[in-house]
Amino acid sequence: TRKARMDGAFGRLASMQMSNGHFSMWGNDNYVNPALTPYIVEFLLDAREGGFAVPDAVLQKALQRLSEDLLAGGHEFYGRDQREYLKFAYQAHAGYALARVNRAPLGTLRALYDNDRKRALKGLPLVHLGLALAMQGDKVRGGKSIAEGFAFQGDRGDYGSPLRDAALMIALTHERGYDKPAFDAKVIDLGRELDARRNAPWFYLSTQEQIALARLGKALLAAA
């Protein structure tokens, strides 16, 4: 059943959580990629909103980790390419996840937008940051950051594909009530990309792309 699958997922995540609140990459070692933690927090929050009994201790420990990292200036990602971008993207996503539970410090979000948005190498972190700002009360900076995210030209800095990012950006604005027809117009580009892939010798979507497209479809159906 769906409940059994979700309970299994919760148990797996609990077993992978480290003492500092982040999560082991593979579950059986100490390697941690902090960028995973906001995604896991989002999953747990979505599950809770969907009526599932989420392990609160796991969620609160992860939220506390995000809060402490955000206030401390983020994770440095030493040894990684584009580490200044990765740091900014992590902070923006952490801020968004915290804003969903009204725990993102507005002053920190404002400083991140005013001083660090130039570090963006793609649009998704700007949308995460803009939504966090708007949800915490600064709708002016929030609206600007979201618009800058959708207008951003370029795509480098992490493993997320343009298709995944565009689908998530549109879905996020719908989920939080900040959608606009101009943002939704990116769906046309997504359709073209999917058609091109279907016409290729073999059709492939990564797990992240599949999740993003499903999330987008759900958001658009809710708005219909």
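Reader: How many aromatic pairs does the count come to?

Author: The count comes to 4 aromatic pairs. Rings of Phe, Tyr and Trp (its six-membered ring) pair if their centres lie within 6.5 Å; planes under 30 degrees apart count as stacked, over 60 as edge-to-face and the rest as tilted. Please note that this is a predicted model, in which local features need pLDDT of at least 70 and side-chain atom pairs count only at pLDDT 80 or more, while totals for chains, interfaces and linings use all residues. Residues are numbered from 1 along each chain as its sequence is written, and side-chain values use heavy atoms, with hydrogens and water left out.

Reader: Why is the pair of Phe 77 and Tyr 90 edge-to-face?

Author: The pair is edge-to-face because the ring centres of Phe 77 and Tyr 90 are 6.1 Å apart and the planes are at 70°. Phe 77 lies in the loop between α3 (56-72) and α4 (83-99) and Tyr 90 in helix α4, so the pair ties together parts that are 13 residues apart in sequence. Helices (H or I, at least four residues) are DSSP runs, numbered from the N terminus.

Reader: Is Phe 77 buried or exposed?

Author: Phe 77 counts as buried, at 5% relative accessibility. Buried means under 20% relative accessible area, exposed over 50%, and partly exposed in between (1.4 Å probe, protein chains only). Tyr 90 is buried as well.

Reader: And what is phi of Phe 77 near?

Author: Phi of Phe 77 is near 55°, a positive value in a residue other than glycine. Most residues other than glycine have a negative phi. Gln 82 also has a phi near 55° and lies in the loop between α3 and α4, but Gln 82 counts as partly exposed, at 36% relative accessibility.

Reader: Back to the rings: why is the pair of Phe 150 and Phe 183 stacked?

Author: The pair is stacked because the centres of the rings of Phe 150 and Phe 183 are 4.1 Å apart and their planes are at 10°. Phe 150 belongs to helix α7 (residues 139-151) and Phe 183 to helix α9 (residues 181-184), so the pair ties together parts that are 33 residues apart in sequence. Phe 150 is buried, with a relative accessible area of 8%, and Phe 183 is buried at 7%.

Reader: Now the core. Which residues touch the most other members of the largest nonpolar core?

Author: They are Val 41, Leu 44 and Leu 129, in a core of 61 residues. Helix α4 gives the most to this core, with 11 residues. A nonpolar core is a set of buried Ala, Val, Leu, Ile, Met, Phe, Trp, Tyr and Cys residues joined through side-chain atoms within 4.5 Å.

Reader: Which residues are buried in α11?

Author: In α11 (residues 207-223), Glu 209, Ala 212, Leu 213, Arg 215, Leu 216 and Ala 219 are buried. These buried residues fall within an arc of 160° seen down the axis, so they line one face of the helix. The arc is that of the directions from the helix axis to the C-beta atoms. On the other side of α11, the exposed residues include Thr 207, Ile 211 and Lys 218.

Reader: What do the buried residues of α11 pack against?

Author: They pack against α2, α8 (162-175) and α10 (186-198), where contact means heavy atoms within 4.5 Å. Helix α2 (36-49) is also included in what covers the buried residues of α1.

Technical notes. Helix = DSSP H or I, 4+ residues; strand = E, 2+ residues; numbered from the N terminus. Expected span 1.5 Å × (residues − 1).
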